[in-house]
Amino acid sequence: MITLNDFLIISAALFCIGLYMIVSKRNAIQILIGIELILNAAILNLVAFGKHDSLNNSGQIFALFAIVLAAATTAVALAIILNVYRRYKTIDPGKINNLRD
Amino acid sequence: MNNTSSHTDLILITCTLAAVALPLLAALVNFCLPVKSKAAGWVSTLAILISCVLAAKVFAGVWNNPQIHVKQVWFTIGHTKVYAGILLNNLSVLMLLLVSVIALPVHIYSTAYMKHDDRYSRYFTYLSFFCFSMLGLVVIDNLVLFYAFWELVGFSSYLLIGFWFTRDKAVQANKKAFIMNRIGDIGLLSAIIILFVQYRTFDIELLFAQKGLVVQSVVNNGLWNGPVGSLPAICQYIAVAGIVLAVAAKSAQFPLHTWLPDAMEGPTSVSALIHAATMVAAGVFLLGRVYPMFTGTELSILACIGCFTAFMAATIALTQNDLKRILAYSTISQLGYMILGMGVGAYSSSLFHLATHAFFKCLLFLVAGIVIHQMQHIKEDNHLDIDPQDISLMGGFRKKLPLTFIAAVIGGLALVGLPLTSGYLSKDGILIQAFEWSDGKDAWFSIIPVMALVTSWLTAFYVARLIFKVFFGDFRLTNAYPNLKLHVTDGGWPYKLPLVFLMLCCFFPLFSFNPIAYEHAWLFSGLKLPGFVIGESSYHLIIPVVVNVFSLLVIYLAYAIYVKQIAFSFPQTGFFYRLSYNQWYFDKIYKRIFVKPVLGLGKFLYWFDKNVIDGFIHLLAAIAGCIAGATAWIDKYLVDGFLHLMASTVQSIGNFARKFQSGKVQYYLFSMLAIVLALFILKILI
């Protein structure tokens, strides 16, 4: 029997993997993948908790919305990465340090 | 101003002022001239010539006429008005004339005597300045101004004694004269202060006139009661003692006489004017001005001082070998006579002697100047190492310097006081009155006139010794140096004219038509004190005879000793010889009693200053240095260190904090994550 805890553990693991990717990867695309992993962890949580909701399938509908939104944000993010590449000729965030004092 | 002053008085006052001011003007002009300018001599001489003429006019107008006294408010302090003015009476016009008449030949003489000096115009500046001070001194009516002129006289004397200031002896001598005169000045100043406190005035006429304030005051019950106020009697004694001290210092009386022989380091013409005729007479003049202050015992003390000084100086003059020193001691001795005369009440004789002494002593000094000048020439021509003033080297100048010889003889005879000379009139006057004075007193008092009598014989001896040694016999220097080149002459008219003029002034007709009796001298009767009665005792006959007979014997004795060399020669080892030769050891005693302790005190104070006071200051400085060092250390290491620590802490915190601002997005995220995690952990732990 798969319990809520199992879902939450998977979700937490996904979250952590995503976080790790965001922090450690040297490629903006991989970071974007990490962000997607975190987003999916959140969606998984939404679906898992949706089973215990008084309204049927409302969680799953929210998840669908979230997936669409994630696709949209990914498109925007890819566009940004493309522009960054055009400007800096690199997509390694470690080398883009114009924010420094 | 005195409202009764008439037109003639006004003219006389103007003449007096001009006579006093002209030498000052000459001094100022000479001061502006170049140092070697020969015009200086003529400027000064012309000034003193006009002064002399004006003084003669004033003298003719005032002598035996009522005195002239004009004064004006000088300054006001509170309600006290201090007047300054001119007081012309017999005494002051006599001195006015005397000073200018003596100064005139000395000026003429100096133009030749100082001709080759490098500082010719300076000499005449000083000389004119002295004449101004002296003339001012005699006519002024106010004790404060009197004191000022008194100081100026001392100051110009100081300048002239040290005129050849490159000689160490001259510097010592003028220092000595200045310091000894300063002692007297303290006396005069304290006397003036006491008189002002007692009488509230500085006016000499108000104080010392016949019915003046001083005469009206009496001492009783330990109080000195004057018309204005009263003071303890001791004040009067202090005032009198102060005056005596001032007189003793200025007129070179015992115990302050030792400066005068040393003052001979100045040019001889200066000695003739200042240290024989005028300045040293200022003390006697002061006595004449303040005479009413002295009564009874005080007069006796004066007589003792004068008598002792006269005797002591005469004994010293017997054995000295320095030509000018003999004359200096002779001056001290004659001044002693004047003080003695004042002491025994022979007021007019004393001042009479002052006048006659001025002429013959000035003459003798000018003679000495010529002789020394010639000796100096011999010394320089032949490159000898001799003292040009040593009479034991001289001799035989009678033929080489005929006029000088005659002048010396006449001056010498006047000094001895032989009949027909002026000295006879004045000196016998003092002697006779001294004997009359002692008649009415204890037997002890008769010592004084007897000593004075002995002194006059001693005078005869040293004068004779001087003249015989210098002018008779052979020129002793040729014994030692046979090949001397000699060009000895009397000199030109600037030398001869003053000699002739002063020679004429040494004879009796200038002072009295009767060559025997001093009572008939016009000068004597003009200065008589009111109430003075000429004694009618037998002394008037005996004294002159005794004095002159013995004097002639003494002169013959000296002739026998020094010219014929038949009589015995004096042993030069005896106690009395050494006492006399060493000037009664006064200089040595003073040196031991006063000079050495003072120098010792000075050295001690110097040591104290250097070691204790300076040491204390240095200690303070060292302590302050230490404190400053410690403060610097604290400042550098503690205060600055603390600040540096703060700064470096802040810097390191900043550096630590700025590491987070790396500009890397992932790093920011990581930091945020770490902080969030830390917060969570903290929250769980707490």
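Predicted model: local features only at pLDDT ≥ 70, side-chain atom pairs only at ≥ 80, totals over all residues.
Which residue in β2(B) is the bridge partner of Gln72(B)? The partner is Ala84(B). Residues are numbered from 1 along each chain as its sequence is written, while chains are lettered from A and ligands numbered from 1 in the order in which they are written.

Start with the hairpin itself. Strand β1 (residues 68-77) and strand β2 (residues 80-88) of chain B run antiparallel and are joined by nine bridges. Two strands pair if DSSP finds at least two bridges between them. Two residues sit between these strands, and Gly78(B) takes a positive phi near 60 degrees.

Now take chain B as a whole. It has 26 helices and five strands. Both are DSSP runs numbered from the N terminus: helices are H or I with at least four residues, strands are E with at least two. The C-alpha atoms fill a box of roughly 150 × 75 × 50 Å along the principal axes. The radius of gyration of chain B is 37 Å, whereas a compact globule of 686 residues would have one near 26 Å. That radius is taken over C-alpha atoms, and the globule rule is 2.2 Å times the number of residues to the power 0.38.

What is inside chain B? Buried residues make up 47% of its 686 residues. A residue is buried if 20 or more other C-beta atoms lie within 10 Å of its own, exposed if 12 or fewer, and partly exposed in between, with C-beta atoms placed from the backbone. The largest nonpolar core has 213 residues. Such a core is a set of buried Ala, Val, Leu, Ile, Met, Phe, Trp, Tyr and Cys residues joined through C-beta atoms within 7 Å. Helix α15 (residues 347-382) of chain B gives the largest share of this core, 19 residues. Val58(B), Leu96(B), Ile243(B), Cys362(B) and Leu363(B) have the most contacts inside the core. Beyond four places in sequence, Val58(B) touches residues including Leu12(B), Ala19(B), Leu88(B) and Leu96(B). Contact means that two C-beta atoms, placed from the backbone, lie within 7 Å.

Next, look at a loop. Leu527(B) lies between α22 (522-526) and α23 (539-564) of chain B. Leu527(B) counts as buried because it has 22 C-beta neighbours inside 10 Å. Leaving aside neighbours within four places in sequence, its contacts include Asn90(B), Leu91(B), Tyr347(B) and Phe352(B).

Chain A has three helices and zero strands. Its C-alpha atoms fill a box of roughly 50 × 25 × 25 Å along the principal axes. Of its 101 residues, 12% count as buried.

Finally, the two chains meet. The contact takes ten residues from chain B and nine residues from chain A. On the chain B side, helix α26 (residues 665-685) gives the largest share, five residues. That side divides into four nonpolar, four polar and two charged residues. Here Ala, Val, Leu, Ile, Met, Phe, Trp, Tyr, Cys and Pro count as nonpolar, Asp, Glu, Lys and Arg as charged, and the others, Gly among them, as polar.

How confident is the predictor? The model scores ipTM 0.83 and pTM 0.77. Chain B has a mean pLDDT of 86, and 97% of its residues reach 70 or more. The pLDDT is the predictor's confidence in each residue, from 0 to 100.
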